[in-house]
Amino acid sequence: MSQFGTVFCDAIAVAHYRDGAWQEPAIEALAPLQLHPAAHVLHYSSTCFEGFKAYRWADGKARIFRLDDHVARMQKSAASLVLPIPDAQMLRGMVLDIVAHNIDEIPAPPSSLYLRPTLIGTLPNIGAAAAPSTEATLFVLTSPVGDYFTGGARPLKLLVEDEKARSTEQLGSTKTGGNYAGALGPTLAAKAEYGVDQVLFCPNGDVQETGAANFLLISDDEIITKPLDTSFLHGITRASILTLAADLGYTVSERNFTVDELLQSVGQYEAALSGTAASLAPVGSLVYKGKELAVRDGQPGPNAARLREALHSIHYGDAPDTHGWLTEVG
Ligand SMILES: *Cc1c(COP(=O)(O)O)cnc(C)c1O
């Protein structure tokens, strides 16, 4: 399958906010957007997005994973940027409609359909630097994607960055474009200098997350990750893995930990990144102050594999959906 995020279904769901209200959403042919060059988003980054997946089962129907949680997170992101907040029922309906419309283009397991709702401020006013965009467009783009682990994903190498932050206290938990643009410079520099895959941002020694995934430590009986605060993105994969870990009898420790503790832990603990795209990807080594340190023996660990399997079993209906995470379409 082609590279993640480069192939799209030929229809999108679109809704516009005008004159203080959301207009009726529609399904349209995928085409370039008409945007005024003064559109708020182009100058003042009034934009947020979501990312989640629909899976097609052998019965021909699709199942969307944690739809309502993603809708709620998008509303939270929109609110934090003072964008018009999409009505939950409307956004939910747009996602259901576009998945139903594109259902035949959902590849067979272990591939899936990636769903990318995006909200942009379209008010044509470059004088509105300190004013919200009172016009907006919401669309749901869909992209058939392959399985991250096909061909056996190699364990990741992370740079431990203990000074720079990925985002800010205010916007860390908002899924907004500027955060990714901001993380790009440090990430490209780290790739060039140390050959790492990602940067683990740990400002002032506080272990937070990478550019687009949460970070977890896992042993045979415990899973550790930073507790929710506004400095990092509240991953729904993270939340799902913690719930499944508790179901399987692991102690779930949501607590802050420092770079020093991290470096001491990786002799015994596995490390992994969580997010919709990669689900739960093993970390094989850390680079800190120019030195590379293996996470355990540097190989993918059994506990991360077990938790990832538990998650995938729910995605594809091989295990019962005891938490009510799936929405059926078709
Ligand atoms: C989207 C994202 C995640 C993962 O969120 P999921 O809901 O698990 O896909 C983690 N960190 C950042 C910065 C993200 O943008």
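An oxygen atom of the ligand sits 2.6 Å from an N or O atom in the side chain of Thr 237. I call that a polar contact, a pair of N or O atoms within 3.5 Å; within protein, one must be able to donate a hydrogen and the other to accept it, and residues adjacent in sequence count only if both atoms are side-chain atoms. Before going on: this is a predicted model, where local features need pLDDT of at least 70, side-chain atom pairs count only at pLDDT 80 or more, and totals for chains, interfaces and linings use all residues. Residues are numbered from 1 along each chain as its sequence is written, and side-chain values use heavy atoms, with hydrogens and water left out.

Lys 175 has a polar side-chain atom 2.7 Å from a ligand oxygen, and for Arg 73 the corresponding distance to a ligand oxygen is 2.8 Å. Taken alone the ligand exposes 380 Å², of which the protein buries 96%; these areas come from the Shrake-Rupley method with a 1.4 Å probe, and for residues only the protein chains shown count as cover. How many residues surround the ligand? There are 16, and the closest are Lys 175, Tyr 180, Glu 209, Thr 237 and Thr 276. The cut-off there is a heavy atom within 4 Å.

Next, the domains. The assignment, which is automatic or from a database, gives domain 1 as 11-145 and domain 2 as 156-315. Their C-alpha centres are 27 Å apart. Across the boundary, 20 residues of domain 1 are in contact with 18 residues of domain 2, contact being heavy atoms within 4.5 Å.

Now the cores. A nonpolar core is a set of buried Ala, Val, Leu, Ile, Met, Phe, Trp, Tyr and Cys residues joined through side-chain atoms within 4.5 Å. Buried means under 20% relative accessible area, exposed over 50%, and partly exposed in between, with a 1.4 Å probe and protein chains only. The largest core has 32 residues, and those touching the most other members are Trp 22, Ile 64, Val 95, Val 99, Leu 115, Leu 119 and Leu 138. Elements giving two or more residues to this core include strand 1 (11-18), helix 2 (67-80), helix 3 (88-101) and strand 7 (112-121). Helix 3 gives the most, 6 residues. Helices (H or I, at least four residues) and strands (E, at least two) are DSSP runs numbered from the N terminus. A second, separate core has 24 residues, among them Leu 200, Ile 224, Phe 257 and Val 295.

Is Val 266 buried or exposed? Val 266 counts as buried because its relative accessible area is 1%. Leaving out residues up to four places away in sequence, Val 266 touches Leu 217, Leu 286, Leu 293, Ala 294, Val 295 and Arg 296.

Last, the backbone. Most residues other than glycine have a negative phi, and most peptide bonds are trans. The bond from Pro 109 to Pro 110 is cis, with omega near 5 degrees, and Pro 110 lies in the loop between helix 3 and strand 7. Lys 289 has a positive phi, near 50 degrees; at 65% relative accessibility, Lys 289 counts as exposed. Arg 296 also has phi near 50 degrees, and Arg 296 is partly exposed at 32%.
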